[in-house]
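Have it open while you read.

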Amino acid sequence: MEQEAWRILIVEDDQRLADLTREYLEANGLQVAIESDGGQAVARILRERPDLVVLDLMLPGEDGLSICRKLRGQYEGPILMLTARTDDMDQVLGLELGADDYVCKPVRPRVLLARIRALLRRSEVVAEVPVAENQRRLEFGPLVVDNAMREAWLNERSIELTSAEFDLLWLLAVNAGRILSREEIFNSLRGIEYDGQDRSIDVRISRIRPKIGDDPMHPRLIKTVRSKGYLFVREAAEGL
């Protein structure tokens, strides 16, 4: 999809902030609409199907977390949450409910634009890994991950994954047997540097583990390697 065709819906009740954000994004080639009422957001998103939603947490009518919860399973596009700088739990909750990324308020337009572009081009990202260029389907015993279809199955049953979770699972699976640092993961999936504090990767790992049959308390498939990163263990996956 060409950048000019990208349609963004901003769900934000601060009209001045929303207007300024729209002006900046439109000046950079995006099509932008605004929804100020949280109570109307879900219906509008499902009706208009924007390519990406920028979703504020504090809204009249219905809060952002509730909106995100309702959207997941019905809306496949990326959801970028706007959160207060100090609300760490809101960030974690948003990610657990299926948000793809978050940006802290006050919003810096250049940062917001970079995050939006990174989310929209995720499906085009090709990880720099030592595998054949045409490899699009990986099988580990009962676990199958198909990058062409962007779906995964466990024991022939479809696994419900958000777009961000699938991207992370594919990156780990295609690098099976190699430790990936948080810096590598962050750069591969977002195209920006890891700031040392972002917890989104850790949250998504914790959500992916039970979905692929891993033990969240004593993981064997996706191991945390202290001070180094994460390791997808091929042998453990094949022994599911």
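1. A word on classes before anything else: Ala, Val, Leu, Ile, Met, Phe, Trp, Tyr, Cys and Pro count as nonpolar, Asp, Glu, Lys and Arg as charged, and the others, Gly among them, as polar. Please also keep in mind that this is a predicted model.

2. With those classes in hand, take the largest cavity. Its lining has seven nonpolar residues, one polar and one charged. The residues in question are I10, E12, L17, A18, T21, V54, L82, V107 and L112. E12 is the charged one, because Glu falls in the charged class. T21 is the polar one, because Thr is among the others in that scheme.

3. Which helix gives the most to the lining of the largest cavity? That would be helix α1 (residues 15-27), with three residues. The space in this cavity comes to about 40 Å³, and the count of cavities of 30 Å³ or more is one.

4. E12 turns up again in a network of salt bridges, where it is linked with D56 and K105. D56 belongs to strand β3 (residues 52-56). Is D56 buried or exposed? It counts as buried, because its relative accessibility is 4% and the cut-off for buried is under 20%.

5. Staying with D56, its side chain makes a polar contact with the side chain of K105 at 3.2 Å. Setting aside neighbours within four places in sequence, D56 is in contact with V11, E12, D13, G64, L82 and K105.

6. The salt bridges come to 14 in count. One of them pairs R115 with D101, with 3.2 Å between the closest N and O atoms. This pair links distant parts of the chain: R115 sits in helix α5 (residues 109-120) and D101 in strand β5 (residues 101-105), 14 residues apart. Both R115 and D101 are buried.

7. Last, have a look at R137. Its side chain meets that of D146 in a salt bridge, 2.7 Å from N to O. R137 also forms a salt bridge with E139, where the closest N and O atoms are 3.5 Å apart. R137 is partly exposed because its relative accessible area is 40%, between the 20% and 50% cut-offs. D146, in contrast, counts as buried, because its relative accessibility is 6%.

Terms used. Residues are numbered from 1 along each chain as its sequence is written. This is a predicted model: local features need pLDDT of at least 70, side-chain atom pairs count only at pLDDT 80 or more; totals for chains, interfaces and linings use all residues. Side-chain values use heavy atoms; hydrogens and water are left out. Helices (H or I, at least four residues) and strands (E, at least two) are DSSP runs, numbered from the N terminus. Buried means under 20% relative accessible area, exposed over 50%, partly exposed in between (1.4 Å probe, protein chains only). A polar contact is a pair of N or O atoms within 3.5 Å; within protein, one must be able to donate a hydrogen and the other to accept it, and residues adjacent in sequence count only if both atoms are side-chain atoms. Contact means heavy atoms within 4.5 Å. A salt bridge is a side-chain nitrogen of Lys or Arg within 4 Å of a carboxyl oxygen of Asp or Glu. On a 1 Å grid over the protein atoms alone, a cavity is a set of points where a 1.4 Å probe fits but cannot get out, and a pocket is an open set with protein on both sides within 12 Å along at least five of seven lines; lining residues have an atom within 4 Å of a point. Grid points are joined across faces, edges and corners, and a volume is the space filled by probe spheres set on the points.
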